[in-house]
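User: I would like to learn how to read pockets and cavities in a protein model. Please take me through them one by one.
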Amino acid sequence: MNTAPNHTLTDTLTGAFTDAPVQAAQGFRAILDALSRPGRITRLTGAAPPEPLSVAAGVAALVLLDSTTPLHLAPGHDTPALRAWIAFHTGAPLVSAEAAMFAIGTWEALQPVSRFAIGTPDYPDRAATLIVETDRLEPGGARLTGPGIDGTARLSLPETAAFQANRARYPLGFDTFFTCGDRLAGLPRSTHVEAG
Amino acid sequence: MSEYNFAYLDEGTKRMIRRAILKAVAVPGYQVPFASREMPMPYGWGTGGVQVTAACLTPADRLKVIDQGADDTTNAVSIRKFFQRTAGVATTERTAEATLIQTRHRIPETPLTEGQILIYQVPIPEPLRFLEPRETETRRMHALADYGLMHVKLYEDIARNGEIATSYAYPVQVAGRHVMDPSPIPKFDNPKLSDSPALQLFGAGREQRIYAVPPHTQVISLDFDDHPFVASKAPHACALCGDDGSYLDEVITDDAGGRMFVCSDTDHCATRRAAGHAGTQAEAIA
């Protein structure tokens, strides 16, 4: 058992759902709401993952990850404590960015995002989902239009060029969630992004 | 209740379905393959819709289930009871009170709202399947957005019948990209697919596909400039509530040619009758 000084066995074993079927359902609905209405910020509760993983990213991991979903932890999130927590609670295998179905990290640490799977013309669903940890998540900044949005929405994005390039490949492309504390927003590949 | 996991399915299955739903939302109209499970009801009874519903339900939801617009038919009643028993959720027959609506072949007459999710039961998800039986080919046609064959089919309708004779499962194009089968809803309902405030999810159990139309997404019924799409219905008013704008079922009332047209949406009809509206045969069931 890994007993590195910065985390304990207790940290690894705790912090997941106490009532998994119900909390996972509630977490999923908040995630679904965010992705189907880009720009909307929803709250996720029920997870207490080790640093530096946010509560929202922790809930998303518990809702979506299992042994069938290869996960990439970007530098900064690739810590012994987080590896142990992810392994114990989800069983997701840790892989390189190129092989990942899901990736967790800050926007800077996930660069270059061109490494992530964008699906194939026959199977555009075989694309990565990025969970981007941010310090700031607000309904302001970049202008969003597209499916799920009544007119326009605004969301604080780390940049716009990468998401415009991602949209240009539609229906291929990765899909993104932004997390900040217990809050989460979704940015599917279908969204058009313009600088605010 | 305690004999089942919440909403029947195991957590691993729900995670798999939830991941498929998210990809479906990200690529509106694209059919995401998923590992459809055996359900305690036969294929064709809504196993796809049931699995999507099970993956979406929370204890706070209020579930409505309709079959061809009716809350009181066998399929609707049995699915509603299934989730009452396995998820313990509240149920309703009122469209306006439901947070989650599972439907077979209709969109409710009452306009949907932002807080609602509409889940369709889908028999054949591939709109091109009757034109091209090979999955490898239809997959390639979607990849290339090669939908000419569908327009040929609609053109042949016009050439043979003078108009587009397709009256249900009328093909649509979603968000300007993927052509989608809206499930066998009457084409009368097609306009309600577009720019809906509600999220629409589609589950095909036997064919193992999930697809989605996010809220406020443009959904266009395929047509031609000189033969525009028409959302048709029987040219009558409901015999019970008098509504001349709702979709109607034709009901045979005797063996001497007697018939009446009544609202297919039972909640819509009952709500109107409770508000004092009456059709020509309202007294027949009073």
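Analyst: Start with the residue classes in the lining. This is a predicted model. The lining of the largest pocket has 17 nonpolar, three polar and six charged residues.

User: What is the volume of the largest pocket?

Analyst: The volume is about 570 Å³. Of the 26 lining residues, those closest to the centre are A:Met101, A:Asp125, A:Arg126, B:Arg19 and B:Lys23.

User: Which element gives the most to that lining?

Analyst: α1(B) gives the most to the lining of the largest pocket, at six residues. Three elements supply at least two residues each: β7 (175–180) of chain A, and α1 (11–26) and β1 (32–33) of chain B.

User: What is the volume of the second largest pocket?

Analyst: The second largest pocket has a volume of about 320 Å³. Its lining has 15 residues, and the closest to the centre are B:Pro127, B:Phe130, B:Tyr168, B:Ala169 and B:Asp181. By class, that lining divides into 10 nonpolar, two polar and three charged residues.

User: Now the cavities. How does a cavity differ from a pocket?

Analyst: A pocket is open, whereas in a cavity a 1.4 Å probe fits but cannot get out. How many are there here, at 30 Å³ or more? The structure holds two.

User: Which residues line the largest cavity?

Analyst: Chain A supplies A:Asp122. From chain B come B:Gly29, B:Tyr30, B:Gln31, B:Glu126, B:Glu135, B:Thr138, B:Arg139, B:His142, B:His178 and B:Arg209. The volume of this largest cavity is about 90 Å³.

User: Where does the largest share of the lining of the largest cavity come from?

Analyst: Helix α4 (residues 135–143) of chain B provides that share, with four residues. Read the classes next. The lining of the largest cavity has one nonpolar, five polar and five charged residues.

User: And the second largest cavity: what is its volume, and which residues line it?

Analyst: The second largest cavity has a volume of about 50 Å³. Its lining consists of A:Phe163, A:Asn166, A:Arg167, A:Phe174, A:Thr176, A:Leu187, A:Pro188, A:Arg189, A:Thr191 and A:Val193. Helix α6 (residues 161–168) of chain A gives the most, with three residues.

User: How many residues of each class line the second largest cavity?

Analyst: Five are nonpolar, three are polar and two are charged.

Methods: Residues are numbered from 1 along each chain as its sequence is written. Chains are lettered from A and ligands numbered from 1 in the order in which they are written. This is a predicted model: local features need pLDDT of at least 70, side-chain atom pairs count only at pLDDT 80 or more; totals for chains, interfaces and linings use all residues. Side-chain values use heavy atoms; hydrogens and water are left out. On a 1 Å grid over the protein atoms alone, a cavity is a set of points where a 1.4 Å probe fits but cannot get out, and a pocket is an open set with protein on both sides within 12 Å along at least five of seven lines; lining residues have an atom within 4 Å of a point. Grid points are joined across faces, edges and corners, and a volume is the space filled by probe spheres set on the points. Ala, Val, Leu, Ile, Met, Phe, Trp, Tyr, Cys and Pro count as nonpolar, Asp, Glu, Lys and Arg as charged, and the others, Gly among them, as polar.
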